[in-house]
Amino acid sequence: MTIKYPEGIDFSYKDNRTEYEIFFDLMYANYLQEKHDNNESKDILSKTDYFENNQRFLLTKFKEEA
């Protein structure tokens, strides 16, 4: 059975995030993994708090890797 898709519609996935947003999401995921690995689940920062507390570090690291 062949599936017919409507013409003119692109069904491919498009990531609309900026390179910095992708980098930040990966850094936050690494932070969560590190907290999990070290059994520090009580003091995990929200994504917003993590960004606010580490904004300078994140920007510096992003520029280094770019």
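**Stop 1: Lys-35**

Select Lys-35 and show what surrounds it: leaving out residues up to four places away in sequence, Lys-35 touches Glu-40, Ser-41, Asp-43 and Ile-44, where a contact means heavy atoms within 4.5 Å. Lys-35 lies in helix α1; helices (H or I, at least four residues) and strands (E, at least two) are DSSP runs, numbered from the N terminus. Buried or exposed? Lys-35 counts as buried because its relative accessibility is 13%. The cut-offs here are under 20% relative accessible area for buried and over 50% for exposed, with partly exposed in between (1.4 Å probe, protein chains only).

Two notes on provenance before moving on. This is a predicted model, in which local features need pLDDT of at least 70 and side-chain atom pairs count only at pLDDT 80 or more, while totals for chains, interfaces and linings use all residues. Residues are numbered from 1 along each chain as its sequence is written, and side-chain values use heavy atoms, with hydrogens and water left out.

**Stop 2: the loop and Asn-39**

Now pick Asn-39, in the loop between α1 (19–37) and α2 (47–65). Asn-39 counts as exposed, because its relative accessibility is 69%. Check the backbone too: phi of Asn-39 is near 50°, a positive value in a residue other than glycine. For context, most residues other than glycine have a negative phi.

**Stop 3**

Go to Tyr-28, another residue of helix α1. With 13% relative accessibility, Tyr-28 counts as buried. Setting aside neighbours within four places in sequence, Tyr-28 is in contact with Leu-45, Ser-46, Lys-47 and Tyr-50. Then draw a distance from Tyr-28 to Gly-8: they are 20 residues apart in sequence, and their C-alpha atoms are 37 Å apart in space.

Next, show side chains for Phe-23, Phe-24, Met-27, Tyr-28, Tyr-31, Tyr-50 and Leu-58, the seven residues of the largest nonpolar core. Such a core is a set of buried Ala, Val, Leu, Ile, Met, Phe, Trp, Tyr and Cys residues joined through side-chain atoms within 4.5 Å. Which helix gives the most to this core? That's α1, with five residues.

Centre on Tyr-50. Not counting residues up to four places away in sequence, Tyr-50 touches Phe-24, Met-27, Tyr-28, Tyr-31, Leu-45 and Leu-58.

**Stop 4: Asp-25**

Asp-25 also has its place in helix α1. Asp-25 is partly exposed, with a relative accessible area of 22%. Beyond its neighbours within four places in sequence, Asp-25 is in contact with Arg-17 and Lys-47. Asp-25 and Lys-47 are 22 residues apart along the chain, and their C-alpha atoms are separated by 8.8 Å.

**Stop 5: zoom out**

Select the whole chain. Its secondary structure comes to two helices and zero strands. The radius of gyration is 18 Å, well over the 11 Å that the globule rule gives for 66 residues, so the chain is more spread out than a compact globule. That radius is taken over C-alpha atoms, and the globule rule is 2.2 Å times the number of residues to the power 0.38. Along the principal axes, the C-alpha atoms fill a box of roughly 50 × 30 × 20 Å.

Of the 66 residues in the chain, 12% are buried. Among contacts with a separation of 6 or more, 42% come from residues 24 or more positions apart.
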